Amino acid sequence: MSTSTVAGQIAALASRLDEAAATGTAIPQIVSAAGLTPDDAYAVQQALVDRRIERGERLVGLKMGLTSRAKMAQMGVEEVIWGRLTDAMRVPDGGGVPTGGLIHPRVEPEVAFLLARDARPGDDFGSAVRAVAPALELIDSRYADFRFSLPDVIADNTSASGFVIGPWQPVPAGIDNLGVLLEIDGRVVQTGSTAAILGDPRRAFSEAVRLGGRQGVTLREGWVLLAGAATAAVPLAPGARVRAVVEGLGTASLHSLPSLRSPGATS
Ligand code: OOG
Ligand code: MG
């Protein structure tokens with residue numbers, strides 16, 4: 001295929017994914033169906049996020065995905081992936097998320113890092129990361145039934161939809177085996193450990209530098225890095241109260257606003 005055809009195909013796929021997110025409509029796995037490689041899929045992701053940036057959003061960080069066995073097993077994809085975070089995806093801690101425009105949202109407990117400076121390959125975690133926080137990620141695959149292959153999920157910006165960052169704090173000495181809970185309406189629905197994140201969540205930083213660098217992306221000072229879920233993700237129902245608890249770090253929470261589309265909704 002000629003270069004211009006590939007470029008046109010990348011732009012068309014990004015536009016389909018953008019529209020699926022904007023209209024809250026699931027689509028088939030169009031990226032694997034088109035035979036794209038993971039590298040081409042990252043080009044689709046970039047084109048997809050560029051569309052958001054053209055609409056005025058700002059890049060504020062990266063997220064790692066499928067860094068835990070629990071997530072790989074849940075999604076049937078066995079590769080670490082990464083996506084881009086924009087300011088419009090950020091939900092204030094304790095804030096409300098309107099679920100009406102989403103397809104099939106899920107939540108997962110995470111750990112977030114704050115970059116002290118632009119990161120270069122080989123940089124050590126201690127000098128590059130200024131702070132750590134408990135976090136929640138809201139994911140919403142644009143593919144039907146939340147099913148995808150590796151190139152599909154990469155192109156779909158790794159299902160990124162929203163994120164909540166709890167209180168930032170200096171990185172304590174040991175963060176490689178902290179207990180993690182996901183609570184919905186006060187009930188524990190998932191339990192895990194930060195050890196589930198690549199054996200040590202600090203490795204999410206070196207992987208982000210390495211894998212982002214492969215696609216020409218440098219982690220910037222002030223950016224957030226989501227290290228990846230420590231447990232499987234759980235569906236977010238309208239009206240649910242969600243809390244992630246990370247041992248020694250505290251909590252991050254959100255609540256979903258009742259869907260305006262749900263039958264019988266009064267507001
Ligand atoms: C892909 C995104 C995975 C994580 O933390 O593992 C992810 C998905 O599961 O839809 O964000
Ligand atoms: Mg995640």
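I am working with a predicted model, where local features need pLDDT of at least 70, side-chain atom pairs count only at pLDDT 80 or more, and totals for chains, interfaces and linings use all residues. Residues are numbered from 1 along each chain as written, chains are lettered from A and ligands numbered from 1 in written order, and side-chain values use heavy atoms, without hydrogens and water.

I looked up the residues around ligand 1 (a heavy atom within 4 Å) and found 17, with L66, K71, E108, S159 and A229 coming nearest. Next I checked polar contacts (N or O pairs within 3.5 Å). Ligand oxygen atoms lie 2.7 Å from a polar backbone atom of L66 and 2.8 Å from one of A229. For E137, a side-chain N or O atom is 3.0 Å from an oxygen of ligand 1. The protein covers 100% of the 320 Å² of accessible area (Shrake-Rupley, 1.4 Å probe) that ligand 1 has on its own.

**Ligand 1, shell.** I sorted the shell by class and got eight nonpolar, four polar and five charged residues, with Gly counted as polar. Strand 1 (DSSP E run, at least two residues) gives the largest share, three residues.

**T99.** I then turned to T99, in the loop between strand 4 (95-98) and strand 5. Is T99 buried or exposed? T99 counts as buried because its relative accessibility is 7%, and buried means under 20% (1.4 Å probe, protein chains only). I also saw its side chain reach the backbone oxygen of L257 at 3.1 Å.

Notes
Polar contact = N/O pair within 3.5 Å; in protein donor to acceptor, adjacent residues only side chain to side chain. Helix = DSSP H or I, 4+ residues; strand = E, 2+ residues; numbered from the N terminus. Buried < 20%, exposed > 50% of the residue type's maximum accessible area, 1.4 Å probe, protein only.
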